[in-house]
Amino acid sequence: MAEPSGKALSLEAYLQLEEQSPIRHHLVEGALWAMAGAGRAHHQILTRLLLKVGPKALEEGCEAYAVDRRLKVSEDTVFYPDLMVVCTPSPSLYEEAPCLLVEILSESTEDLDREKKLWHYLRLPSLRAYLLLDSRRVGLEAYLREGGRWTYLRLGPGESLPLPCPSLELAVDEVYRGVNLEEG
């Protein structure tokens with residue numbers, strides 16, 4: 001992940017810049033962050049997740065978006081989650097009410113995913129689950145909203161997680177089946 005640029009941007013200026021830029025950027029508290037490239041394991045994990053989550057999301061009247069759909073979490077912060085499920089789609093250039101967010105960790109993205117994204121994501125009223133999967137080793141971390149509280153779970157091989165949105169059982173082994181894990 002590249003370092004942020006020094007100049008604070010408004011949401012409008014950011015959206016205009018993104019429409020013209022050949023690379024995507026997060027807008028993090030007014031700062032522009034160039035997105036890092038993703039490796040093979042990242043793409044394999046994302047594909048398996050989308051194949052599992054996407055059909056169930058559609059069945060429940062929701063949409064699953066991978067990589068290229070923006071998520072506005074505040075007036076000065078916009079991210080591109082690796083995977084997002086939205087049951088109340090927005091007609092604008094970004095979503096604002098996901099029920100599920102997934103980030104796939106790598107050396108270059110882990111700090112942002114665990115810190116700024118976590119802090120912003122868990123404040124979204126619509127969010128019911130935030131998942132972190134690692135592209136370097138088998139493992140799933142989940143933040144699940146139960147009532148007004150968040151519960152943290154860490155799962156490994158042989159374990160599965162009942163997702164609240166869309167409602168399905170997500171097996172760790174299924175997500176990592178055949179994935180060539182990246183060097184850490």
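The link of Cys-62 and Cys-87 is right-handed, with 90 degrees about the S-S bond. Keep in mind that this is a predicted model. The sulfur atoms of Cys-62 and Cys-87 sit 1.9 Å apart, and the two residues form a disulfide. Cys-62 is in the loop between helix H2 (40-59) and strand S3 (63-66), and Cys-87 is in the loop between strand S6 (83-86) and S7, so this pair ties together parts that are 25 residues apart in sequence.

Cys-87 is partly exposed, with a relative accessible area of 33%.

How many disulfides are there? The count comes to 2. The other one joins Cys-99 to Cys-165, with an S to S distance of 1.8 Å. The link of Cys-99 and Cys-165 is left-handed, with -60 degrees about the S-S bond. Cys-99 lies in strand S7, while Cys-165 lies in the loop between strand S11 (160-164) and strand S12 (167-171), so the pair ties together parts that are 66 residues apart in sequence. Cys-99 is buried, with a relative accessible area of 5%, and Cys-165 is buried, also with 5%. Counting bonded cysteines along the chain, the pattern is 1-2, 3-4.

Ser-106 is in the loop between strand S7 (98-105) and helix H3 (110-121). Its relative accessible area is 13%, and buried means under 20%, so Ser-106 is buried. What does Ser-106 touch, leaving out residues up to four places away in sequence? Ser-106 touches Ser-135 and Arg-136.

Now the whole chain. The secondary structure comes to 4 helices and 12 strands. The radius of gyration is 16 Å, close to the 16 Å that the globule rule gives for 184 residues, so the protein is as compact as a globular protein of that length. Along the principal axes, the C-alpha atoms fill a box of roughly 45 × 35 × 30 Å.

Of the 184 residues, 49% count as buried. Among contacts with a separation of 6 or more, 54% are between residues 24 or more positions apart.

Last, the surface and the charges. The protein exposes about 9000 Å², and carbon and sulfur atoms supply 51% of that area. There are 20 positive and 29 negative side chains, and the centres of the two sets lie 2 Å apart.

How values were computed. Residues numbered from 1 in each chain as written. Predicted model: local features only at pLDDT ≥ 70, side-chain atom pairs only at ≥ 80, totals over all residues. Heavy atoms only, no water. Helix = DSSP H or I, 4+ residues; strand = E, 2+ residues; numbered from the N terminus. Rg over C-alpha atoms; globule rule 2.2 N^0.38 Å. Buried < 20%, exposed > 50% of the residue type's maximum accessible area, 1.4 Å probe, protein only. Contact = heavy atoms within 4.5 Å. Areas by Shrake-Rupley, 256 points an atom, 1.4 Å probe, with all protein chains shown as cover. Lys, Arg positive; Asp, Glu negative; His and termini not counted. Charge placed at Lys NZ, Arg CZ, Asp CG, Glu CD. Disulfide = S-S within 2.5 Å.
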